[in-house]
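User: I'd like a close look at one part of this model. Here it is.

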Amino acid sequence: GQKAGTNTPEVHLSLPIQDCESGTCESQATSIVMDSNWRWTHSIEGGTNCYTGNEWSAEFCPDSATCTANCAIDGVDEGTWTGTYGVTATGSSLNLHFLTYGPYSTNIGSRVYLLESDSAYRMFYLKNREFEITIDVSQLPCGLNGAMYFVEMDQDGGLSEYPENQAGAAYGTGYCDAQCPHDMKFIAGQANCDNWVPSDNDPNSGTGQYGICCPEFDIWEANSQAQSFTSHPCTIEGYTPCEGLDCGDNPDDRYSGVCDKDGCDFAAYRNGQTDFFGPGLTVDTNQPITTITQFITADGTDDGELVEVRRIFIQNGVTIQNVPVNFDGVTPYDSITADYCTEIKSYFGDFDDHAIKGGLAAMGDSLGRGHVLVMSLWDDHYANMLWLDSSYPTDVPDLNAPGILRGPCPTDSGVPSDVEGQYADSSVTFSDIRIGPIQS
């Protein structure tokens, strides 16, 4: 099955967080693990690549069952973290470097998860809680996304659920999200090599027959030019493989899948506040930004229905309240609520899949089951990140129309070959993670 290789010892980088549940904050000895997709995938005997570039080995992986029996994912040691993946952790701070020229490959971006032990992810139960993290996006230009988000992964990475997964959370297995990604090399412990199509514009990636879905809450998707936070409910619970219509893959079937891919996003620039977030603006992206996200329930209990997600920024000791929607005739909401999602989607002319997939209530149900913390740095081979920081879609009469305009970046920005060529040294720093009761 999805076996753990033994060529390189697995090392988890220390990244302690502050747990403030008791009313006083205590350090918790958490650590990070590299996602399984980034790892060397090789034959169990002899250490020959099972996957090279964006293609599976014809010898070891003619079909999923054979590949699953033949191949393992290997460990990441101290030297590999930095030398291959460009990831460093110091104290309570984590830095993800964009492009790293390693001994065997050029690595682009990374995705890591927070562990509570060497074999279990740290589960977060966010309802009736506030979550705090400090992020430095000063070195992220147009087209990059330094993201921090929560997804409803299994705590053990699928180890107990899927017998063929013998690696588990210790090796960063079990990723899923609301986009139902098809690029995962292993899903439910099995190689996703059947009907694999190598990407025509990403030398490291492709798509397999299966996708992998789960609810997702994006605390932070941002670069130095734009940011958003987004609720993505699904009609399924937890880690759920998909194929065909359920994945909602191609544009015609986007809303036929089990997850709300658009989400209900609160993005200041998209909501008409173009001078709030950016270099030298109210929230100044030249400096680190502390964000607090509050998950408010109807009755103020951990089991209540999720009814609002609020955002507060802190810089240089100054608290900055989130900025309200700024369009004539639209209620000036400054947080995500059911009414906000309905009204803003109607105003933008967006299909309200958020409500159809259960809205904030369904999102809250998922958060109540527990989520895993993800931090990543990536560029976008599908839409050049224009959905975050520019105008999107671009095939419209007015690129400045409400809902289309999302950031100040040019519509020809964000092409991966360009950002990889020009901004290889970009990085994002995440630090000082805290979780506790609201207003703790």
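Which exposed residues does the face of H3 turned away from its buried side carry?

Analyst: Quick ground rules: this is a predicted model, where local features need pLDDT of at least 70, side-chain atom pairs count only at pLDDT 80 or more, and totals for chains, interfaces and linings use all residues. Residues are numbered from 1 along each chain as its sequence is written, and side-chain values use heavy atoms, with hydrogens and water left out.

On to your face: it carries Asp339 and Ser346. Exposed means over 50% relative accessible area, buried under 20%, and partly exposed in between (1.4 Å probe, protein chains only). Helices (H or I, at least four residues) and strands (E, at least two) are DSSP runs, numbered from the N terminus.

Now the other side. H3 spans residues 338–348, and its buried residues are Tyr340, Cys341, Ile344, Lys345 and Phe348. Looking down the axis of H3, these fall within an arc of 115°, so they line one face of the helix; the arc is that of the directions from the helix axis to the C-beta atoms. As background, an α-helix has 3.6 residues a turn, so residues three or four places apart point the same way.

What does that buried side sit against? The buried residues of H3 pack against strand E27 (264–266) and helix H4 (353–356), contact meaning heavy atoms within 4.5 Å.

After H3 comes glycine 349, with a positive phi near 75°. As for E27, the loop between strand E26 (240–242) and E27 holds tyrosine 255, which is partly exposed at 32% relative accessible area.
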